[in-house]
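Take a look at the chain below. This report walks through its strands, its charged pairs and a few single residues.

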Amino acid sequence: MRFEAGRAHVLRTCIELADRGYLAGTGGNVALLVDRERFAVTPSATGYYEMTAADVCVVRLQDGAQVAGEKTASVEAGLHASVFRARPDCAVSVHTHQPIASAYTLLGMRLEIRSEAHRRLLGPQIECVGYAPSGTSRLARRVAQALDPDVHACLMRNHGAVCIGRDSIEAMSRVEALESACAAFFLDRAIPNPTGLEASVAALVTRSLRSALAADPTP
Ligand SMILES: [Zn+2]
């Protein structure tokens, strides 16, 4: 199989993200540069636990042409191509529907990163780009523009997040840090002053947020 190592690596990264609850169903996608001109990317509409390395597609960076893979590449392949072009220092681009950061995108606000450890990983602030439908060049352009050289994640309004890294370990650590930074925001700002939340619901939300903080390995 052509590009076997890269395609298998994408699959392993997806399973790891799905196991941790950052990808649900067929949502989200993962891209990895296999050389300077091509990247491996998850196929569209395929469950992560049914996916094989042969299903993972390889797409040309320059024009989006698919050069390998038995299925059709993710509708977000163009978004990942824009990210790789904007950030040549990165080899992995991960788009998640991670629950707490995705909830944060409903606010449509930039996220200020307060913890020093998270700032080192993510950057000083994470933009929340305006809504555009999945797979559009407008969304791809907005995300690429939001990834300044010292910013390694982007929020997409009413949708989810993109985290990048030199490798999958770095990208994964940013997914975790972003989830934890959003959980900290809600615990500090929203939960102490819930509006109309029943006590049992507020307790459930607080427990979910605290467990996201506890899962964050960032020192
Ligand atoms: Zn999505």
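What follows starts with the ground rules and then moves through the fold.

## Ground rules

The model is predicted: local features need pLDDT of at least 70, side-chain atom pairs count only at pLDDT 80 or more, and totals for chains, interfaces and linings use all residues. Residues are numbered from 1 along each chain as its sequence is written, and side-chain values use heavy atoms, with hydrogens and water left out.

Helices (H or I, at least four residues) and strands (E, at least two) are DSSP runs, numbered from the N terminus.

## The sheet

Eight strands make up an open sheet. Their order is β4-β3-β2-β1-β5-β10-β9-β8, and the pairing is mixed. Two strands pair if DSSP finds at least two bridges between them. β4 (66–68) and β8 (128–129) stand at the edges. Each has a single partner strand, so one side of each is left without a neighbour in the sheet.

Helix α1 (residues 4–19) packs on this sheet. The helix touches β1 (29–33), β2 (38–41), β3 (57–60), β4 and β5. A touch here is a contact, meaning heavy atoms within 4.5 Å. The direction of α1 makes about 145° with that of β1. For such angles, axes are lines fitted to C-alpha atoms, for helices over the stretch in contact, and the angles run from 0 to 180 degrees between N-to-C directions.

## Strand by strand

Start with β2 and β3. They run antiparallel and are joined by four bridges. Phe 39 stands opposite Val 59 in β3. Val 59 also has a bridge partner in β4, namely Gln 66. β3 and β4 run antiparallel too, with two bridges between them. These two strands form a hairpin, with five residues between them. In the turn sits Gly 64, with a positive phi of about 75°.

Now move to β5 (residues 92–96) and β10 (residues 160–165). This pair is antiparallel, over five bridges. Within the pair, Val 94 has Cys 163 of β10 as its bridge partner.

## Backbone exceptions

Most residues other than glycine have a negative phi. Phe 3 has a positive phi, near 55°, and is not a glycine. Phe 3 belongs to the segment before α1.

Asn 158 is another non-glycine with a positive phi, at about 55°. Asn 158 lies in the loop between β9 (153–156) and β10. Its relative accessibility is 44%, so Asn 158 counts as partly exposed. The scale is simple: buried means under 20% relative accessible area, exposed over 50%, partly exposed in between (1.4 Å probe, protein chains only).

## Salt bridges

How many salt bridges are there? The count comes to 10. A salt bridge is a side-chain nitrogen of Lys or Arg within 4 Å of a carboxyl oxygen of Asp or Glu. One of them joins Glu 127 and Arg 110 (2.9 Å, N to O). The pair links distant parts of the chain, 17 residues apart. Glu 127 is in the loop between β7 (125–126) and β8, and Arg 110 is in the loop between α3 (99–105) and β6 (111–112). Glu 127 is partly exposed at 27% relative accessibility. Arg 110 is partly exposed as well, at 42%.

Asp 188 and Arg 114 also meet in a salt bridge (3.6 Å, N to O). This pair spans 74 residues, from Arg 114 in the loop between β6 and α4 (116–122) to Asp 188 in helix α6 (residues 168–190). Asp 188 is partly exposed, at 47%. Arg 114 reaches 56%, so Arg 114 counts as exposed. Elsewhere, salt bridges that share partners join Glu 16, Arg 20 and Glu 176 into one network.

## A buried serine

Is Ser 74 buried or exposed? Ser 74 is buried, because its relative accessible area is 6%. Ser 74 lies in the loop between β4 and α2 (77–86). Leaving aside neighbours within four places in sequence, Ser 74 is in contact with Asn 29, Val 41, Thr 42, Pro 43 and Ser 44.
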